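Here are some notes for a colleague opening this entry for the first time. Please keep the structure in view while reading.

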There are 4 protein chains.
Amino acid sequence: GEPLLLIAGPCVIQTEALTLSIAESLAAMSQRLSVPVVFKASFDKANRTSSGAYRGPGQDEGLRILEKVRDATGLPVTTDVHESHQAAAVGQACDVLQVPAFLARQTDLLIACAATGRPVNVKKGQFMAPGDMKHVVGKLVEGGCRDVLLCERGTFFGYGRLVNDFRAIPEMQALGVPVVYDATHSVQEPGGLGGATGGRREMVEPLARAAVAVGVNAVFLETHPNPDDSPSDGPNMVPLDKLPALVERLLAIRQAAGV
Amino acid sequence: GEPLLLIAGPCVIQTEALTLSIAESLAAMSQRLSVPVVFKASFDKANRTSSGAYRGPGQDEGLRILEKVRDATGLPVTTDVHESHQAAAVGQACDVLQVPAFLARQTDLLIACAATGRPVNVKKGQFMAPGDMKHVVGKLVEGGCRDVLLCERGTFFGYGRLVNDFRAIPEMQALGVPVVYDATHSVQEPGGLGGATGGRREMVEPLARAAVAVGVNAVFLETHPNPDDSPSDGPNMVPLDKLPALVERLLAIRQAAGV
Amino acid sequence: GEPLLLIAGPCVIQTEALTLSIAESLAAMSQRLSVPVVFKASFDKANRTSSGAYRGPGQDEGLRILEKVRDATGLPVTTDVHESHQAAAVGQACDVLQVPAFLARQTDLLIACAATGRPVNVKKGQFMAPGDMKHVVGKLVEGGCRDVLLCERGTFFGYGRLVNDFRAIPEMQALGVPVVYDATHSVQEPGGLGGATGGRREMVEPLARAAVAVGVNAVFLETHPNPDDSPSDGPNMVPLDKLPALVERLLAIRQAAGV
Amino acid sequence: GEPLLLIAGPCVIQTEALTLSIAESLAAMSQRLSVPVVFKASFDKANRTSSGAYRGPGQDEGLRILEKVRDATGLPVTTDVHESHQAAAVGQACDVLQVPAFLARQTDLLIACAATGRPVNVKKGQFMAPGDMKHVVGKLVEGGCRDVLLCERGTFFGYGRLVNDFRAIPEMQALGVPVVYDATHSVQEPGGLGGATGGRREMVEPLARAAVAVGVNAVFLETHPNPDDSPSDGPNMVPLDKLPALVERLLAIRQAAGV
């Protein structure tokens, strides 16, 4: 079958040097384990819980750094877009566009992403059934997108908690598209830390193993050399030096699952 | 105490004539029942389930019609904004801005709405706890908004279903802002009709009665002379000729509840 | 229309003297407000969170005290049954039998309750849709019960939290039976206090007001002269001296709602 | 590590001949794959949705057949108990007692099961958090049980639907007990077929794979030579001739997961 795809990176771009350093580690791992990697980092976290939180370097500087990552490492790069007017510039700089879960139903944003000609990875809204994503696929395809990916990142399960319904993986694959499992945001606890979003890092690996055993096509994992220093999503990130062992485990499970 | 506020209108603007006719009925009811009414209609339904669905007349034509409604009837008007760049123009034409539930956490959109100087009514995300709305209030206040309203319109309760947790009314009022109950969208059944959103009109009145008995400050209701002809939300709209009796009932309950 | 019925009492029987004293207060209120009251107290809390918690005086002593309450006050009495073998004795001593929510689908228990010839009040399971209760009604009617009541007491809404879907009231009434609203257990927070169940007393009144505005037939409220001394459900009980004002409010709302 | 345990059988006992025939197939598979198997079948389905549904042969006849299964095949046997008075007899006939999810909090039933001296497998209530099961373990241990097992079989996720929160597996294992994954009842759709419970057989294997990848200790699967002929749970059973391939897959995943 197809190899497992890994989408990984540090959530938000902090400095150019740190971003490049993480990307180089990921590129080395990609080579050593023969696993394709797409590098992901955000230039602007537009929906942080609180207005005082760090948002990132902004669009121009962020896209410049992502292009530098691609040039330096050879890894394809992806980032998320939040308003329609951002799509064209992101499509020029990045190999894949990502649409956040809260925005999965914003028609104009989907159409603008489709118009770039790039693959578009849409996270299933926390408020949507897997089958509802067929309308998202429909809007993208009508807009000219030829490579749609859908992403499971958790569904609302009572205030401050998400759950992965792993039936979503085969159900969204049945729409004819590859499915990504976002192991980092699935273990978020929205609002769980008062003015920030909490999380449970120790659940990332068991749930990623589950997603791979079910047959997911790609896994998205945020990683950082020192997660507790990350300005966003630190509580649910995998430390960079623990990532290769985790990925090797996932590759073994994929083979055993016969996917 | 304060009088109950009613926000009402036909969901989406179809024609100028129909929009004016509905507004005139609402203005007459406002006078007769001494209930303040804000007229609401959308110029663009940007997150319809399917891409083929009717979206509205667009921003320029829509805002022109809303201004005409205000001139003709004296009712204040409101509409919803979906991207930051729309806020300024909507703020010029309308008395109140409304932020959709899916977008309740988009910082840039909230800031742009606050910058208009108008009151801003934000619907609680279907994926949010009532208490999480304190960050929404915080972002608006920091952005200069002096009149924040929050709106309960249902919380995700399993695929294709919403539930009103009526504890949300006192919990959001405890943030120091008035709370609106959206009786129309609370009875939506997202994705319930395949490529459209279903709903249960017969539940609008019981749930609106409940919200008023709990002590909500305002009720939002979509209405149409012939709901089955509405291009959006027809299944959960109140027929225009049934609205006055419903409002009278709500006023009586508010008085009995001693709110 | 029919008067609102009140089911009230102290959750679990502590002493005979305290039980009688509460019942006398309720009987006086029943007379003064012309509201029919059924007295409820448990003789055995068979599903406490922890095994060390107080369970009650047991069946024989508990039923003796309930009969004394009826003799002394003239109020009809009700209590809950947990296993089939208890039904006959409870049916001899009590006017109404109550089936706990966790046990709503236990066929033998329902049949044994029906066989007593008494009215049976079944709480909707926290894991059931309102419409699923039609099978509960069916089992009771086949078993010979001629007075079925159903009770809304909250539905699972994420770990440690319940929500009232108030659509359940008309939906269960549509099965042809009166519906009770349990305002005390609806505000439970199961497991919320570690080894006990927490709750939010301040939400009892707003939610009871909502249920009455929707049109419920009866309200169930636990009450105690000093809730913080109650061995069970203290956090969600109404203080006995606050109950009459609350009931008067509910009666006014019922009249305004035109139910 | 420990081998994966399989608990399997035909849901409810139909005839002695059919029960024995299924057990012999399972015993042969147990030998061939070196996987320990416990045979499970119910003698009385006491909480069927409708009262007209087939419930089983009853306690005496059912236990006689289960003992015969053990004698004929050498497999240990298990069945479920619904009221305290059944525990002693079941404990005499069976190697393991099973407590249904609806009854997970019934203290008397747990104590009666513990008193048999047999291992007790309690299904987590659909209305309980994984951590709440610590009180269940506590009640059993206080009652003298030395082998507690806990079982994940789905949590309420909106009317008529369950979801597996796979974090429950490590969370319940952290209570110091082995955890079973019930792949059959997790895919139930309660009330989904009107007067019966529906299900989705095609989801049994992906979800069982996920549970094993996460590190569950045992898998419970209902099986039948012709599931569509089963009087209960047919829609979510695995055909008996498909079971060995599924189990081999699970064993491979367990090894790859390094559990």
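1. Start inside chain C. This is a predicted model. In helix 1 of chain C, C:Glu16, C:Thr19, C:Leu20, C:Ala23, C:Glu24 and C:Ala27 make contact with helix 2 of chain C. The partners in helix 2 of chain C are C:Arg64, C:Ile65, C:Lys68, C:Val69, C:Ala72 and C:Thr73. Sorted by class, this contact holds 6 nonpolar, 2 polar and 4 charged residues.

2. Now the geometry of that pair. Helix 1 of chain C spans residues 16-33, and helix 2 of chain C spans residues 59-73. They pack at an angle of about 35°. Their axes lie 10 Å apart. The crossing of helix 1 of chain C with helix 2 of chain C is right-handed.

3. Turn to chain D. Helix 1 of chain D (residues 16-33) packs with helix 8 of chain D (residues 243-257). The angle is about 35°, and the axes are 11 Å apart. Helix 1 of chain D passes helix 8 of chain D in a right-handed crossing.

4. Which residues meet where helix 1 of chain D touches helix 8 of chain D? Helix 1 of chain D brings D:Leu26, D:Met29, D:Arg32 and D:Leu33. Helix 8 of chain D answers with D:Leu243, D:Pro244, D:Val247, D:Glu248 and D:Leu251. By class there are 7 nonpolar and 2 charged residues, with no polar ones.

5. Next, the interface between the chains. Chain C puts 35 residues into the contact, and chain D puts in 35 residues. Together the two chains bury about 3300 Å². Carbon and sulfur atoms account for 49% of that area. Within chain C, the residues that lose the most area to chain D are C:Arg105, C:Phe127 and C:Tyr159. Together they make up 21% of what the chain C side buries.

6. How many salt bridges cross the interface of chain C and chain D? The rule finds 2. The side chains of C:Asp108 and D:Arg55 form a salt bridge, at 2.9 Å from N to O. Between chain C and chain D, 10 residue pairs are in polar contact, both residues at pLDDT 80 or more.

7. Last, the make-up of the chain C side. Helix 4 (107-114), helix 5 (133-142) and strand 7 (155-156) of chain C each supply at least two residues to the side that touches chain D. Helix 5 of chain C gives the most, with 3 residues. By class, this side of chain C has 9 nonpolar, 16 polar and 10 charged residues.

Definitions and conventions
Residues are numbered from 1 along each chain as its sequence is written. Chains are lettered from A and ligands numbered from 1 in the order in which they are written. This is a predicted model: local features need pLDDT of at least 70, side-chain atom pairs count only at pLDDT 80 or more; totals for chains, interfaces and linings use all residues. Side-chain values use heavy atoms; hydrogens and water are left out. Contact means heavy atoms within 4.5 Å. Buried area is the accessible area (1.4 Å probe) that two parts lose on being put together, summed over both. A salt bridge is a side-chain nitrogen of Lys or Arg within 4 Å of a carboxyl oxygen of Asp or Glu. A polar contact is a pair of N or O atoms within 3.5 Å; within protein, one must be able to donate a hydrogen and the other to accept it, and residues adjacent in sequence count only if both atoms are side-chain atoms. Helices (H or I, at least four residues) and strands (E, at least two) are DSSP runs, numbered from the N terminus. Ala, Val, Leu, Ile, Met, Phe, Trp, Tyr, Cys and Pro count as nonpolar, Asp, Glu, Lys and Arg as charged, and the others, Gly among them, as polar. Axes are lines fitted to C-alpha atoms, for helices over the stretch in contact, and angles run from 0 to 180 degrees between N-to-C directions. A crossing is left-handed if the near helix is turned anticlockwise from the far one by less than a right angle, and right-handed if clockwise.
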